[in-house]
Amino acid sequence: MSSTSTIEKNSAPAASESLHKMDLLRFTTAGSVDDGKSTLIGRMLYDSKSIFEDQLEALERSAEITGGGEVNLANLTDGLRAEREQGITIDVAYRYFATPRRRFIIADTPGHAQYTRNMVTGASTANLALILVDARKGVSEQSKRHAYLASLLRIPHVVVCINKMDLVDFSEERYEQVRDEFMSFVPRLGLPDVTFIPVSALQGDNVVDPSENMDWYRGATLLGHLETVYIGSDFNLSEFRMPVQWVNRPGKDEFHDFRGFSGQITGGVVKVGDPVVVLPSGHRSRVKEIHTYDGNLEEAGCPRSVTLRLEDEIDITRGDVIVGEDRLPIVAQQHIAEICWMNDQPLALRKKYMLRQGTSTVQAMVSSIDHRIDMKDLGELEDPTELKLNDIGRIQFKTSKPLVYDSYRRNRMMGSFILIDPATHDTVAAGMLKEPENRMPVSVLAGPEDFVI
């Protein structure tokens, strides 16, 4: 068997450039145990010819571990030995593949309730959530939990794959029953884009190729939908934001007077000549030049990484944020956030943690826990005494220095953060910042000292 890679050696540079320019779709899988998440991803990789000969040989060798002598497509993502022995997904597995139409990064996440933190990690950067439902069992508590998490994490697109249709005789009636059951709670979650696809991951029906067994289904296959779903509006393109990651200081020769500020644009578009504000200092300037590895640009947008030169000499350091002059972000030291607790040790009130948000790292202290989400019915339990491993709740906290951010609902890249235990350096929580309850508008005419609320 020859390699299934579609890039020939003599066309590698051109093909590589073509792949680089294609859209990148990040998606995550979610579902209950044994719903077939890993098998579905394995089937998609296999049928789209996105695995190599050595990977297929590794699958055949893994059959000796799992027993039975049959190739298990789930092992393309279930890489840990414990996962293969138990037949379950434990950790997040990331896989990359590409088709002629789009590039993809897959985060295959566990279905167990005790691995909620893993699902949050895998979904935090996703454009799309792929939720599997067993056609025999219908919507489970885990299905609701994962739909809630997709809503909480503001994932723009959700695809519900009703799997194992081969075990219900490819029944259209059963498909509609499960679809209607899932749709019954979608309105309360506010999911903006939900698509349903009946599939059989084991046999490949409607995964890459249309199913001959379900000729009643007229929609796209799973891969067809992933290749064509529109993600251009997933980023906030109306409000320019760029956290400074690196300061390029003057060098020698032709770079003796070069001072630029590098980072990834996390929102909006910037053009040469645009007025900008540096936060939290509040100093103003205009964009003189936009540099990239491929040369200078007249404009650049999210999520591109660039180096900006400004017309004025301003003291800017890593962690500062360069923003557009209108629609300013929040600059504050008191915060409200939804968090997922990820550590065996419960959240401790008034303990000092390190908070990393964008390129900024500051001290943080949690003052109160407003509520905890009951994952059984998605209700809010008021005034909990603690948050334990995999709990999700709303907290109030303060930071030692001002944070520059937008609410997570407005800009996922600007509104997310992690908490780190300074003693162990463990990441103990992932959080989503909310709009302050008493936010006062900040005028662009204010002085630097007036930006912090």
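I looked up helix H5 at residues 116–123 and found 6 of its 8 residues buried, so by the definition of buried (under 20% relative accessible area with a 1.4 Å probe, protein chains only; exposed is over 50%, partly exposed in between) the helix is mostly covered. Helices here are DSSP runs of H or I with at least four residues, strands are runs of E with at least two, and both are numbered from the N terminus. The buried residues of H5 are Thr116, Asn118, Met119, Val120, Gly122 and Ala123.

I noted that this is a predicted model, where local features need pLDDT of at least 70 and side-chain atom pairs count only at pLDDT 80 or more, while totals for chains, interfaces and linings use all residues. Residues are numbered from 1 along each chain as its sequence is written, and side-chain values use heavy atoms, with hydrogens and water left out.

Next I checked cysteines. I found 0 disulfides, a disulfide being a pair of cysteine sulfur atoms within 2.5 Å. Cys161 counts as buried at 0% relative accessibility, and Cys340 does at 1%.

Then I searched the whole structure for aromatic pairs and got 7. Rings of Phe, Tyr and Trp (its six-membered ring) pair if their centres lie within 6.5 Å; planes under 30 degrees apart are stacked, over 60 edge-to-face, the rest tilted. Phe97 and Phe104 are stacked, because their ring centres are 4.7 Å apart and their planes at 15 degrees. Both Phe97 and Phe104 are buried. For Trp341 and Tyr353 I have centres 5.9 Å apart and planes at 75 degrees, so this pair is edge-to-face. Trp341 lies in strand S17 (residues 330–341) and Tyr353 in strand S18 (residues 352–357), so the pair ties together parts 12 residues apart in sequence.
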